[in-house]
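Here is a friendly walk through one chain, from its overall surface down to a few single residues. Keep the 3D view open and follow along.

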Amino acid sequence: MIKCSGLKRLFSASMLAVGAWCGFAPTPLHAIEVLAPESNMELDILLTRAASDLVGRIELLEGQERSRHVSASVDLSQKIITVNLDRGFIPQDYGPAFEDQRSIINNALLSVTERFLHVSQVKYLYGGFDVYHYFPEVKQEDDAARKAGERIRREKQERERSGQVAGSGVAFVAAGHGYYFDHKDRAWKTQRDPHNGVMEGMLTPTYAAELKSVIELRSQMPVIRPRVQDGMGTHPESGQEWWRMAARYSVAAQYPGNPEIWNTHEGSAASDREYKEDINTRPLLANHLGAEFAIHLHSNADDHGTARGARVIVQPGRPSDAALGASVLCAMKELIQSTPGYESFVVAPAPHSEDKGENRLATMPSIIVETAFHTHPEDAAALLDPVFRAASMKGVEKGHRLFRDGKDCTPLALSKIDRVTVPANGAAETSVRFDGHPQFPVTLTFTPVYCTQPGACRAEVKTVTEASASPIKVQMSCEGSGYGMVNWSTVMRDADGVSSGPVEHWMTCEGGS
């Protein structure tokens, strides 16, 4: 039995979980500073409290009962949280509303751990069984997409070996949400409510347009967007501008002969059936078009409004999706944190695994990019900033391009600049070696640290316009006829503002005869 005297010595967050047992008033979870736990038990107590708090007040879905028993624990070696709930917490129907509900709980649990531990996945057991026990058709969807993806990859490899064009070369960029028809209220509704001036479904198209532009420019790939772009008129049934509509409706208009893409819940009496169809439409259209990869753009939400930062969600157990997600996060961090004002913006260190229809149904590498939390005021301000939008989407593009080309996402760094001897009043070439994948043109800023003739050495900026792998060549020059030595400190900066750290190197100017 746990003794209250012992628990009072735990950090304040643990006290939250047991306050009701011990007779002192707990502080709301979001209002306290969470310190690193000293034991696994303390962390499990805190996670159980967070899960119980949210499960106890979350809006229930049809057929769902409030779970009386809630517990959560973390496997520190696997970095996985397991949540145990009653069988009654399984809703009547599996769909995006159930996925959204899990995401809300996930974000509450991740906000507990992320300050001192990256958790890769939150798993749920309902009466001791996973969700696939109750909804085997969801597992069948996942299995079918995996098998189709493996077959497509094998066929692609065969075409590559025979010298044929391997794939479609098409990128798929989906802006999340938009208006849908609710059959219960007989009304057109947005899939998300506004927060801090951000309406997610109306913001994501601007991010999709940004990403489309940079992929076409830098990755040299055509881009398919399932939602209609701006300037395409009005959707007749809703009266809304077409760009505000969910993908389901634009795809139905463009592919009327393929209802298997956009009318997947035909005959259903569920009031949100067109919301469900919208989720399915995006990956099914990507499959239909044979896209090389799919990126679904969203903003994130947290119940307490305290969570921050960019995250990427991948389907559990798909290594290629995880590799794409990791590359995108790495590049997003590089690009965003190189942008003035966003140097400390939070970017998750690795993807989070979570079963989501947008990824589950896709037969190609597919990720969900949660660019920032619209429920946090500062994140919301970032989402509305065109500068942040450009930086974050350049990061997504770069991460994908590196993944596509089989390159690691390596931070930009100058590794070595060769020592060079330059003739008086002449020039000589030196090699600049670097790690990473800068966006050309790049500049090299040379600052003198030591000069044998004080005042004779001046800072200089050189620009390299032609893209090149390491090393790149630059010309160094000496003015005057005397002998001298310079110790330079040099920094590389690429076209996106990504900078290396400084590296020192020497140059000798030979005197004339």
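## The chain as a whole

The chain exposes about 23,200 Å², and carbon and sulfur atoms supply 50% of that area. Accessible areas come from the Shrake-Rupley method with a 1.4 Å probe, and for residues only the protein chains shown count as cover. This is a predicted model, in which local features need pLDDT of at least 70 and side-chain atom pairs count only at pLDDT 80 or more, while totals for chains, interfaces and linings use all residues. Residues are numbered from 1 along each chain as its sequence is written, and side-chain values use heavy atoms, with hydrogens and water left out.

Of the 513 residues in the chain, 51% are buried, where buried means under 20% relative accessible area, exposed over 50% and partly exposed in between (1.4 Å probe, protein chains only). Among contacts between residues at least 6 apart in sequence, 71% join residues at least 24 apart; a contact means heavy atoms within 4.5 Å.

## The second largest pocket

How much space lies in the second largest pocket? The volume comes to about 580 Å³. Of the 23 residues that line this pocket, Arg153, Lys156, Glu292, Met364 and Pro365 are the closest to its centre. A pocket here is an open set of points on a 1 Å grid over the protein atoms alone, with protein on both sides within 12 Å along at least five of seven lines; a cavity is a set of points where a 1.4 Å probe fits but cannot get out, and lining residues have an atom within 4 Å of a point. Grid points are joined across faces, edges and corners, and a volume is the space filled by probe spheres set on the points.

Helix 6 (136–161) and helix 14 (386–404) each bring at least two residues to the pocket lining. Helix 6 gives the most, with seven residues. By class, the pocket lining holds eight nonpolar, nine polar and six charged residues. Ala, Val, Leu, Ile, Met, Phe, Trp, Tyr, Cys and Pro count as nonpolar, Asp, Glu, Lys and Arg as charged, and the others, Gly among them, as polar.

Searching the whole structure turns up two cavities of 30 Å³ or more. The largest cavity holds about 40 Å³ of space, and its lining is made by Asn106, Leu110, Ser120, Gln121, Val122, His352, Ser353 and Glu354. Helix 4 (96–113), strand 3 (121–126) and strand 10 (352–353) are the elements that give two or more residues to this lining. Its classes are two nonpolar, five polar and one charged. Helix 4 itself is mostly covered, with 16 of its 18 residues buried. From first C-alpha to last, helix 4 reaches 25 Å, close to the 26 Å expected at 1.5 Å a residue; the expected span is 1.5 Å times one less than the number of residues.

The second largest cavity has a volume of about 40 Å³. Leu203, Thr204, Tyr207, Leu297, His298, Ser299, Thr371 and Leu383 form its lining, with at least two residues each from helix 7 (200–219) and strand 8 (293–300). That lining has four nonpolar, four polar and no charged residues.

Glu334 counts as buried because its relative accessibility is 13%. Leaving out residues up to four places away in sequence, Glu334 touches Lys398, Thr410, Pro411, Leu412 and Val498. Gly325 is buried too, with a relative accessible area of 0%. Beyond its neighbours within four places in sequence, Gly325 is in contact with Val312, Val314, Pro351 and Ile367.

Buried or exposed: which describes Ala72? Ala72, found in strand 1 (residues 71–75), counts as buried because its relative accessibility is 5%. Not counting residues up to four places away in sequence, Ala72 touches Asp44, Leu47, Thr48, Ala51, Thr82 and Val83. Ala72 and Val369 lie 297 residues apart in sequence, and 26 Å separates their C-alpha atoms.

How values were computed
Helix = DSSP H or I, 4+ residues; strand = E, 2+ residues; numbered from the N terminus.
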